[in-house]
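Let's take a walk through this one together, a few residues at a time. Have the sequence and the 3D view open side by side.

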Amino acid sequence: MASTFFGLGIASSGLNGAQVAINTTAHNVSNSMTKGYTRQVANVVAGEALRVNASYGMVGSGVTAKSIDQIRDSYYDQKHWNNSGSSGEFTSKNYYMEQVQHYFNEMNTPGFTTYYDDFFNALDHLSGTPSDITKRNQVIQYGQSFAEYYNNISTNLNKLQEDTNAQVKIMVDRINSLASGIASLNKQISTLEMNKGTANDLRDQRALLVDELSSIASIKVVEKQSDTGSSSFDIKINGQNLVYGFSYNELAVVPRTSDNKRNSRDVEGLYNIEWA
């Protein structure tokens with residue numbers, strides 16, 4: 001017959017398991033407004049049964065808090081990161097197309113059609129009386145306005161190209177910074193989990209960095225879990241390793257020269273992105 005203290009031990013394990021669940025719930029509530037936080041749940045399992053010399057075989061020993069798990073599905077993470085890359089690409093394209101459209105907004109401001117019609121009509125009027133000084137001056141005036149319009153458009157588009165080029169440099173620097181942060185978190189997570197710890201909050205931090213990275217570039221994430229408890233977390237861009245385990249590769253921007261310009265009208269120094 002089991003002792004009274006054995007029964008108290010079972011009751012105590014139940015209280016301890018419930019306390020772990022309550023603490024986990026409190027942690028969830030306190031982080032309800034934390035960006036990137038993933039809800040956690042206490043994984044409580046039956047304690048190891050004890051064999052006794054009785055007809056009923058084995059006696060349960062209560063409950064054990066085995067782990068605290070994240071309520072997160074890697075399938076949806078992959079879907080989100082894949083679609084985030086496409087969303088980021090078209091959001092950027094839409095932004096710069098709107099900037100270009102602003103310079104050709106003929107619905108609200110005088111544009112190509114207005115300046116061209118004025119110049120063409122002035123030439124048409126001059127063709128009837130080519131000796132008329134007033135009409136000659138009008139042709140010159142409208143011609144100058146037409147030329148100034150084109151020069152302004154050219155200047156504005158060049159400035160937009162320069163701004164876009166500067167933004168490319170900023171984004172490449174940010175990608176390198178994110179890669180460094182993810183590699184550092186990989187090491188912390190692997191070290192903690194190999195020692196039977198849980199790295200839920202560190203995993204949230206890493207996922208948040210990957211979220212941002214996926215909005216800048218199209219990436220492929222591969223995570224593998226080993227039998228020893230360690231995990232590998234790799235990120236590829238265009239089939240090449242950006243992050244692999246605890247290490248990472250950097251990207252670099254290389255200005256184009258006059259010899260390798262893709263368009264002769266491009267501004268000087270547009271960047272090509274290469275592996276550093």
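Start at N272, which sits in strand β10, residues 271–275. Helices and strands here are DSSP runs numbered from the N terminus, with helices being H or I runs of at least four residues and strands being E runs of at least two. Bear in mind that this is a predicted model, where local features need pLDDT of at least 70, side-chain atom pairs count only at pLDDT 80 or more, and totals for chains, interfaces and linings use all residues. Residues are numbered from 1 along each chain as its sequence is written, and side-chain values use heavy atoms, with hydrogens and water left out.

Is N272 buried or exposed? N272 counts as buried because its relative accessibility is 17%. The cut-offs are under 20% relative accessible area for buried and over 50% for exposed, with partly exposed in between (1.4 Å probe, protein chains only). The side chain of N272 makes a polar contact with the side chain of R256 at 2.8 Å. A polar contact is a pair of N or O atoms within 3.5 Å; within protein, one must be able to donate a hydrogen and the other to accept it, and residues adjacent in sequence count only if both atoms are side-chain atoms. Leaving aside residues up to four places away in sequence, N272 touches A252, V253, V254, R256, N260 and R262, where contact means heavy atoms within 4.5 Å.

Now hop over to another asparagine, N176, in helix α4. N176 is buried, at 10% relative accessibility. What does the side chain of N176 reach at 2.8 Å? That would be the backbone nitrogen of L251. Not counting residues up to four places away in sequence, N176 touches Y248, N249, E250 and L251.

On to the charged pairs. Side chains of opposite charge can pair when their charged atoms come close. The structure holds 9 salt bridges, each being a side-chain nitrogen of Lys or Arg within 4 Å of a carboxyl oxygen of Asp or Glu. One of them joins E212 and R174, with the closest N and O atoms 2.7 Å apart. E212 lies in helix α5 (residues 200–216) and R174 in helix α4 (residues 133–194), so this pair ties together parts that are 38 residues apart in sequence. Both partners have some surface showing: E212 is partly exposed at 31% relative accessible area, and R174 is partly exposed at 30%.

R203 counts as buried at 18% relative accessibility, whereas E223 is partly exposed at 37%.

For another salt bridge, look at D77 and R72, whose side chains meet at 2.8 Å, N to O. D77 counts as buried at 16% relative accessibility, while R72 is partly exposed at 33%.

Next, find I71, in the loop between β4 (63–70) and α2 (74–103). I71 is partly exposed, with 43% relative accessible area. Not counting residues up to four places away in sequence, I71 touches T38, R39 and V41. For a sense of scale, I71 and V221 are 150 residues apart in sequence and 19 Å apart in space, C-alpha to C-alpha.

Which residues make the nonpolar surface patch of about 400 Å²? They are F112, Y116, F120 and Y150. Patches are made of residues with over 30% relative accessible area and no salt bridge, joining like charges within 9 Å and nonpolar side chains (Val, Leu, Ile, Met, Phe, Trp, Tyr) within 5 Å. Helix α3 (residues 112–128) gives the largest share of the patch, 3 residues. F112 lies in that helix and counts as partly exposed at 32% relative accessibility.

Last stop: N238, in the loop between β6 (231–237) and β7 (240–244). N238 is exposed, with a relative accessible area of 74%. Most residues other than glycine have a negative phi. Phi of N238, however, is positive, near 55 degrees.

Notes:
Areas by Shrake-Rupley, 256 points an atom, 1.4 Å probe, with all protein chains shown as cover.
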